[in-house]
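Subject: Structure handover

Hi,

Here is the structure I said I would pass on. Please open it first, then read the notes below.

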There are 2 protein chains.
Amino acid sequence: MNTQIKLASRPFGLPNRDNWQIESNPVSQPGKGEMLVKIIYVSLDPAMRGWMNDAKSYIPPVQIGAVMRAGTIGQVVSSDLEKFSPGDFVVGNMGVQQYALSDGKGVMKIQPGLAPLTAYLGVLGMTGITAYFGLLDICDPQPGETVVVSGAAGAVGSVVGQIAKIKGCRAVGIAGGAEKCKYLIEELGYDEAIDYKNEPLRAALKRTCPNGIDVYFDNVGGEMLDTVLTRINLKARISICGAISQYNSTEAVKGPANYLSLLVNRAKMEGFIVFDYAKRYMEAITQMAQWYSQGKLKSREQIEEGIENFPEVLLKLFSGEKKGKLILQVNDLD
Amino acid sequence: MNTQIKLASRPFGLPNRDNWQIESNPVSQPGKGEMLVKIIYVSLDPAMRGWMNDAKSYIPPVQIGAVMRAGTIGQVVSSDLEKFSPGDFVVGNMGVQQYALSDGKGVMKIQPGLAPLTAYLGVLGMTGITAYFGLLDICDPQPGETVVVSGAAGAVGSVVGQIAKIKGCRAVGIAGGAEKCKYLIEELGYDEAIDYKNEPLRAALKRTCPNGIDVYFDNVGGEMLDTVLTRINLKARISICGAISQYNSTEAVKGPANYLSLLVNRAKMEGFIVFDYAKRYMEAITQMAQWYSQGKLKSREQIEEGIENFPEVLLKLFSGEKKGKLILQVNDLD
């Protein structure tokens, strides 16, 4: 049987159990030009919240009644495609379900052995690629510059900080709670960690960034972005990767009131979507794999189990109760 | 006698008469390495409002008791400097006063004859240079793209629209009132004009920019910026030149709540300060003078008279009751 998670209704604020429909159906057999993939790991990402809204965005919303969109890792069961053979491990957007039919488009083979399979959803997957281009392409950080990262203990943020260090920058991470801050410093190598739940952010930025902020990689938005804007340097670069503080807000988004700091400091704020870099994914993956094999880049995944737990596990993205990349295991690995 | 306008106190909201001290003193005589300049025209610019605040910005605030900072055009009366001779016309930041002593730093000679003197405060001066770099360097507009300009009938905005047309773009101007809109179309050559006082901006942008907005040159900020963000195209560029809607606000600046449109559209918003381009001023002036002599670029100045009227005339920048560059004549032209 194939258990699937379908979008039943659009959430207002935080998604709840009623927004999902859990269905079990017999596994379909692949037709001509198709393969059947047993999905093992499902990637849980803040962007999913946006895909649930019926709003014009960079990709169409998930339709009501459709299987929820998600990045996944699976193993080919049977295949009518030349490029894929039974037993191959693959990564791609195959949705929140236990089995998927695929025509192979947008699906890539991965080599197990170099890294744990789950790393291909994290540091060696879309998460890592997002961090790579969002930091290097949008912000062009230079050695000695101060790079501030919000959501620093999160999937993307934890990679951004490590790349900043590899590039010779000072990395300052913002996260919620002492445990995460310890993780930033001791495991990820951030130079400074700010526990925004325990110290007013403005004062903390003053303390940890005495020379101001050259680069800000923003995963959080809202008041955090607004406060960072008060401490940026001339020609600062702000990369807008996300705004997790706003995704479940039922009120109007809070815009950065201090945006005129961009004028005073001749700074820029730029958004990006990792999909735009599709032609350069291999550049990022190759570089990240090299850093990973050299031990310069650590991958951390929090793996939860059971497809039926998807609605609850998803909320861990927004409650702050996870570190690193959140993954749901939906089938056993043989 | 030399009448001077000095800053007496810092304004809260719109500047009023009490914020200024009008003083008359005998004209000083130039010392060694100095010249005496009779100031004829004083440039009135929205940026002056910012210089009156006691806040960290791109240049220090004007000190209480100091002559108000301003761009000016004058004529040399006497000079101990090799580069300047009596009778020369000069442009530079010599302040709101009738006579200035100068060591020549930051002062340039201008050739009368090519254009009216006042054009050197407008299209051939800092105003034009601001439009030139703010549009071309920050936004790199391409032929066929749609360029939207707020404060389009203002000093900078009126030049931005004309440069956009020269570069083969569609130019859409936003201004307040039917008369200004007529001016945009009939005199400046804008393709479309939006009278924001008479039509909801969102609908007007939909009507005038059916293919979306590629470039936005913002002089206004506030809700206007926020609304434009809802209509930008992929890879749009927003140049933050100013935010005249916010300069006299006694409430917190309104941040652009729709800033996440930058993410969805992979767009950038960047501030700039014309002073950063000092080394390239000649590039802009040379190009603008060429366009001007070819009749491609029009200059329009609104000239008011009498240094003692400075406090009231300054307010015309904020009330919307002027078109083009606002200039105060403080001495007769011999």
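Which residue in β13(B) is the bridge partner of K268(A)? That partner is E270(B). Please keep in mind that this is a predicted model.

The strands

K268(A) belongs to strand β13 of chain A, residues 268–271. This strand pairs with β13(B). The sense is antiparallel, and the pairing runs over 3 bridges.

The interface

Now for the contact between the chains. On the chain B side, 26 residues are in contact with 26 residues of chain A. Two elements of chain B, α7 (261–264) and β13 (268–271), each supply at least two residues of the side that touches chain A. The largest share comes from β13(B), with 4 residues. By class, this side of chain B has 16 nonpolar residues, 6 charged and 4 polar.

Helix α2 of chain A

I also looked at α2(A), residues 126–139.

Among the buried residues are M126(A), I129(A), Y132(A), F133(A) and L135(A). Towards the end of the list come I138(A) and C139(A), also buried. Just after α2(A), D140(A) takes a positive phi of about 40°.

Best wishes

Methods: Residues numbered from 1 in each chain as written. Chains lettered and ligands numbered in written order. Predicted model: local features only at pLDDT ≥ 70, side-chain atom pairs only at ≥ 80, totals over all residues. Contact = placed C-beta atoms within 7 Å. Nonpolar A, V, L, I, M, F, W, Y, C, P; charged D, E, K, R; others polar. Pairing = 2+ DSSP bridges. Expected span 1.5 Å × (residues − 1). Buried ≥ 20, exposed ≤ 12 C-beta atoms within 10 Å, placed from the backbone.
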